[in-house]
Amino acid sequence: MENVLQAMHKWVQEYIRTFYSEDIEIQQAIVLKEEHTQQVTVISRELAKHLKLSVHDQILAEMIGLFHDIGRFKQFTLYRTFNDALSENHALLGLKVIAELDFFQELSEADREILHFAIANHNAKLITATDNSRQLLFAKIIRDADKLDIYRVLEPFLQPSDGTGCNEMFLQSFIHGRQCDYAQIKTYDDRKLVRLMWLYNIYFSWTMLKIVERGYVDKIIDCLPKTPLMEQGVKNLKTYIKAKLKE
């Protein structure tokens, strides 16, 4: 299993380099996702270890982290966007890449199914319903690991409210701890609010603690407009986070 993992790391490194470009826009995007892949790979294994999973399962979690965004490189090169709605679902694009790789045949059928399920669901609004507890566990691990690093990736781009505000539907969803339809994002403040709503979809207290400790939550709140509805949503969120950290 460890030998397969190392072969995968080598392949991913070489694969990503094939997308390096003299076009500055493409190169910056590829490097951004390369760094994200590296971080999520580490986080996935750390979380699996924290959950006291077996070494085998820690390696499987690392593999999922390594390949979760493999479709992003072709996506940006083809479409010059990371927006799935304007191109194609990068998770499914990644699974097409994976299907062509022989070393996945060295994994058991059950492990391959877990890996495919987790990658296919890592960017979904909700995890596809399943009775397979292991598939569900690894989908939760990669979703948490992905979100934790996305907060890091997006932090440098965080700016104070530009005055456009958040739409009423988003604010109501925020207040009630619900996710929203990303297609309805209209303003820059909507985009920031979505990041707070993600917190209701964090599965493990370990992940929530990392997010809070790194200051991501407060930094986003400080950059959103101060309205009565927003303040109510923030109050509800902080109550939720406090309870989550005790799990």
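Which helix gives the most to the lining of the largest cavity?

**Close-up 1. The largest cavity and the helices that line it.** A search of the whole structure of this predicted model finds 1 cavity of 30 Å³ or more. About 50 Å³ of space lies within the largest cavity. Helix α11 gives the most to its lining, with 3 residues. Both α7 (133-154) and α11 (216-222) supply at least two residues each.

**Close-up 2. Residues around the largest cavity.** The lining consists of Y151, L154, E155, L158, R195, Y216, K219 and I220. By class, these lining residues comprise 5 nonpolar and 3 charged residues, with no polar ones.

**Close-up 3. The crossing of helices α8 and α12.** Helix α8 spans residues 168-175 and helix α12 spans residues 228-244. Their axes come within 8 Å and cross at roughly 30 degrees. Since angles under 35 degrees count as roughly parallel, α8 and α12 are therefore roughly parallel to each other. The crossing in which α8 passes α12 is left-handed.

**Close-up 4. Residues in the contact of α8 with α12.** On the α8 side, the contact is made by E168, L171, Q172, F174 and I175. The α12 side contributes L229, M230, Q232, G233, V234, N236 and L237. Taken by class, the contact has 7 nonpolar, 4 polar and 1 charged residues.

**Close-up 5. The crossing of helices α5 and α6.** Helix α5 covers residues 90-98, and helix α6 covers residues 109-121. The two axes come within 8 Å, with a crossing angle of roughly 150 degrees. Because angles over 145 degrees count as roughly antiparallel, α5 is roughly antiparallel to α6. In this case α5 passes α6 in a right-handed crossing.

**Close-up 6. Residues in the contact of α5 with α6.** From α5, the residues A91, L95 and I98 take part, and they meet L115, H116, I119 and A120 of α6. The residues of this contact divide into 6 nonpolar and 1 polar, and none is charged.

Key
Residues numbered from 1 in each chain as written. Predicted model: local features only at pLDDT ≥ 70, side-chain atom pairs only at ≥ 80, totals over all residues. Heavy atoms only, no water. Axes fitted to C-alpha atoms, helices over the stretch in contact; angles between N-to-C directions. Helix = DSSP H or I, 4+ residues; strand = E, 2+ residues; numbered from the N terminus. Parallel < 35°, antiparallel > 145°, perpendicular 65-115°, else oblique. Left-handed = near helix turned anticlockwise from the far one by under 90°. Contact = heavy atoms within 4.5 Å. Nonpolar A, V, L, I, M, F, W, Y, C, P; charged D, E, K, R; others polar. 1 Å grid on protein atoms, 1.4 Å probe; cavity = no way out; pocket = protein on both sides within 12 Å on 5 of 7 lines; lining within 4 Å. Points joined across faces, edges and corners; volume = space filled by probe spheres on them.
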